[in-house]
Amino acid sequence: MALPLLPGNSFNRNVGKEKFHKSQHWGFCNNVMMLVSDEKPGIGGEPLLGQKIKPKCSIYPKGDGSDVPSWVAFDKQVLSFDAYLEEEVPDKSQTNYRIRYYKIYFYPEDDTIQVNEPEVKNSGLLQGTSIRRHRITLPPPDEDQFYTVYHFNVGTEVVFYGRTFKIYDCDAFTRNFLRKIGVKVNPPVPCPEDPYMKIRREVLEHVEPLRPYESLDTLKKFLQYHGKILCFFCLWDDSVSMFGDRRELILHYFLCDDTIEIKELLPHNSGQDAIKMFLRRSKLPKNCPPRVYQPGQITDRAVLNLYGDFIKNQADGFLMDRYKLGEVDQEFYKDSDLSLGVTINVWGRKVLLYDCDEFTKSYYKSKYGIENFTSVSCKPPSPPPKIERKFPPYNGFGSEEDSLRTCIGLKPTPHRRNFKKFMEKDSYGFKSNILRFFAKLVTDKCVDLDRMFVISYYLSDDTISVFEPIERNSGITGGMFLKRSRVKEPGQEVFKSELSEYIKAEDLYIGVTVNVNGYLFRLLNADEYTLNYMEQNTDKYPFSNLKLALQKLKQEEAKSRELKQVFRAADRKHTKKVDYNTFRDILMSFTVGNLSEQEFVTIVRHYRAPEDTYSDVDFLIALAHEKFKKNMFENFDSFIYSCVYEDREKRNVLPTKDIKRLCKSSRLPLSDDLLESLLSRFEDSEKQIDYKSFFSALNWRKNPVPELQPASCLKERCEDIWLGMPSPIPAKYIDYFTLLKDVFGLEEE
């Protein structure tokens with residue numbers, strides 16, 4: 001009988017063991033394959049019986065914290081020791097040995113060592129990395145062990161591959177590290193000096209230059225100030241001379257070699273030739289010389305005489321001018337000579353420095369302690385009064401804009417239209433961007449009193465067209481009364497220099513009288529798109545602002561009780577609404593003409609009672625059948641199958657939102673308003689619809705209904721007319737009770 005597999009019942013020694021690999025002798029160090037250890041442990045890295053494996057790394061005392069690997073605990077920590085090496089120099093008469101200095105770096109994370117020799121100028125030795133980073137074995141007879149941190153201390157010697165390095169000092173971090181692990185660090189020991197470098201330094205100190213001139217070493221200044229430039233904004237006022245002008249300049253001072261360059265800033269259309277440089281980069285003398293020196297006339301050194309046969313041997317001697325007798329004394333501008341408000345001499349031109357950039361301000365603040373950098377005002381004198389340009393009056397040929405373009409330039413160019421406005425306000429999608437008004441002709445002629453017109457205003461180019469609907473047996477032809485064009489405002493001269501003003505969209509609203517080329521039109525009504533557009537842009541159409549209209553009513557608050565009684569007397573059935581004509585008579589008499597027609601229409605549209613557009617179910621179904629016939633839509637069985645699939649409980653009803661979603665996803669050819677009206681007629685109290693009866697009623701093949709009678713067409717069909725005669729009233733009934741409540745705060749008694 002086997003024991004259960006529980007803790008303490010198993011005799012298998014490998015329970016819980018995870019490593020079963022075989023150890024190997026070889027490994028990689030600095031990407032070099034080498035023999036890591038000659039003692040090979042057993043399976044999984046466990047030592048064999050009687051085997052003692054020497055530690056590969058240094059043994060450090062464990063702290064009280066968590067035990068982490070050495071490569072984590074000593075990451076980015078390096079011990080640095082200063083050492084020197086005595087090297088014999090055979091066959092040298094000056095010295096028999098040399099002292100070479102080294103830096104020994106010990107990495108505690110893996111006990112690797114690297115030895116570097118700092119580079120010494122003109123030493124004649126190959127310096128740099130002397131020993132690459134790796135673990136170094138101890139000298140014989142302990143070659144089977146490696147150097148650890150305990151082998152290093154100040155004043156001790158270490159042997160690396162037969163070379164003895166004497167450690168004479170270390171840095172502060174190394175001292176603290178050794179003290180923490182219990183090593184007593186010795187004090188620094190003196191380091192001997194290299195005899196060869198001492199002899200070489202003594203020789204260089206006694207060497208005299210070949211020429212008695214001071215050395216001109218500008219490399220340090222070049223490296224320190226390379227790319228650092230002082231920038232000053234300058235002004236050269238040459239307006240006093242003939243054909244002179246004020247020149248804006250930029251002065252660049254190069255700190256690396258004390259040279260100056262000046263560029264000129266030319267404004268657009270200045271009429272001057274664009275030059276690359278006003279002054280090329282060079283040293284600028286303070287006092288301009290009376291003449292310009294020729295090349296080679298000014299030199300750093302002058303040859304006094306030659307001696308010897310110069311033709312046979314060009315290496316013969318020559319004498320130099322030690323005292324610089326031919327030197328020309330020139331004083332150049334320095335950075336200390338430049339400041340704001342100073343006028344410098346640029347080869348006879350007086351240039352004023354009036355401003356500088358931020359780098360220049362910080363440079364002078366740090367070097368010279370200057371705090372005030374107020375720019376100098378150099379405004380030009382006030383220009384003479386500009387002669388007003390007068391254009392000749394309009395001559396009557398072409399448009400006013402085209403005639404004006406012929407006066408602006410020698411080569412006439414066409415007038416530029418507002419293309420951005422045209423693209424934004426052009427008709428696209430369901431937005432026509434056309435304001436249509438129903439107007440009546442204002443005239444004394446009895447024949448023209450009943451003539452009605454449709455005025456269309458195009459927002460894209462501010463043009464107007466007038467169309468007269470055709471009526472039979474009226475005796476008037478009808479049709480296009482005014483082609484699409486811009487209409488001038490009345491009372492303007494025809495032949496004048498200024499451009500004429502035209503009728504704008506803000507000038508058109510209900511109740512206003514418009515003069516169109518001498519014909520007076522009174523705007524009676526507008527279509528739905530126009531009214532919505534005006535209510536959305538109340539900044540341009542203040543009469544469509546509901547708040548302003550109600551504010552006019554609120555001014556008559558003293559008559560609010562009387563107004564309420566009048567409305568109640570007109571509302572005999574107590575429905576809290578009255579018809580349009582009654583509401584108009586009461587409100588207009590109440591405001592005594594203070595309310596405009598557009599404001600009245602705005603109030604009516606806001607407080608109109610909801611109308612049931614599709615009240616008859618048969619009428620709605622007839623409209624839907626007409627849409628289906630035009631689109632040849634007959635796939636009603638698939639709707640029923642889809643509804644049966646969705647009806648998991650077999651109740652023959654589905655929610656209204658699911659039926660609407662199904663109709664939308666199947667692209668049922670019905671408008672949103674018509675679909676909403678149909679769904680509301682078939683909807684029960686629980687917001688559900690009997691889908692079989694709904695789609696059976698829509699099936700025009702199986703359940704046809706009488707066709708609708710076409711409405712009589714009273715006008716000619718044209719793209720410029722109002723499709724559908726406007727209703728004489730914007731609403732049938734108006735909710736006067738809500739109006740009184742919002743304006744006067746009257747509650748029901």
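Predicted model: local features only at pLDDT ≥ 70, side-chain atom pairs only at ≥ 80, totals over all residues.

Me: How many helices and strands does the protein have, and what share of its residues is buried?
Reply: The secondary structure of the protein consists of 18 helices and 26 strands. Among contacts with a separation of 6 or more, 56% are between residues 24 or more positions apart. Of the 749 residues in the protein, the buried share is 32%.

Me: Which residues of helix H5 are buried?
Reply: Helix H5 spans residues 358-367, and on the other side of H5 Glu358 and Ser366 are exposed. The cover over the buried residues of H5 includes helix H4 (219-225), strand E9 (229-237) and strand E16 (349-356). The buried residues themselves are Thr360, Tyr363 and Tyr364.

Me: Why do the buried residues of H5 line one face of the helix?
Reply: An α-helix has 3.6 residues a turn, so residues three or four places apart point the same way. In H5 the buried residues are Thr360, Tyr363 and Tyr364. They line one face because, seen down the axis of H5, they fall within an arc of 90°.

Me: Which residue with a positive phi follows H5?
Reply: After H5 the chain continues with a residue whose phi is positive, near 70°, and this residue is glycine 369.

Me: In which strands do the partners lysine 103 and aspartate 82 lie?
Reply: The two side chains form a salt bridge whose closest N and O atoms are 2.6 Å apart. Lysine 103 is partly exposed at a relative accessible area of 28%, whereas aspartate 82, at 14%, counts as buried. The pair ties together parts that are 21 residues apart in sequence, because lysine 103 lies in strand E4 (residues 97-107) and aspartate 82 in strand E3 (residues 79-88).

Me: Is glutamate 599 buried or exposed?
Reply: Glutamate 599 meets lysine 552 in a salt bridge of 3.0 Å, N to O. Since glutamate 599 lies in helix H12 (residues 597-606) and lysine 552 in helix H9 (residues 546-554), the pair ties together parts that are 47 residues apart in sequence. Lysine 552 counts as partly exposed at 23% relative accessibility, but glutamate 599, with 2%, falls under the 20% cut-off and is therefore buried.

Me: How many residues apart are aspartate 337 and lysine 286?
Reply: Their side chains meet in a salt bridge of 2.9 Å, N to O. Aspartate 337 is in the loop between strand E14 (318-320) and strand E15 (343-346), while lysine 286 is in the loop between strand E12 (279-282) and strand E13 (303-306). The pair links distant parts of the chain, 51 residues apart.

Me: Which residues make the nonpolar surface patch of about 360 Å²?
Reply: One member of the patch, tryptophan 26, is found in strand E1 (residues 26-29). The patch as a whole is made by Trp26, Met33 and Leu35.

Conventions:
Residues numbered from 1 in each chain as written. Heavy atoms only, no water. Buried < 20%, exposed > 50% of the residue type's maximum accessible area, 1.4 Å probe, protein only. Helix = DSSP H or I, 4+ residues; strand = E, 2+ residues; numbered from the N terminus. Arc of directions from axis to C-beta. Contact = heavy atoms within 4.5 Å. Patch = residues over 30% accessible without salt bridge, like charges linked within 9 Å, V, L, I, M, F, W, Y side chains within 5 Å. Areas by Shrake-Rupley, 256 points an atom, 1.4 Å probe, with all protein chains shown as cover. Salt bridge = Lys/Arg side-chain N within 4 Å of Asp/Glu carboxyl O.
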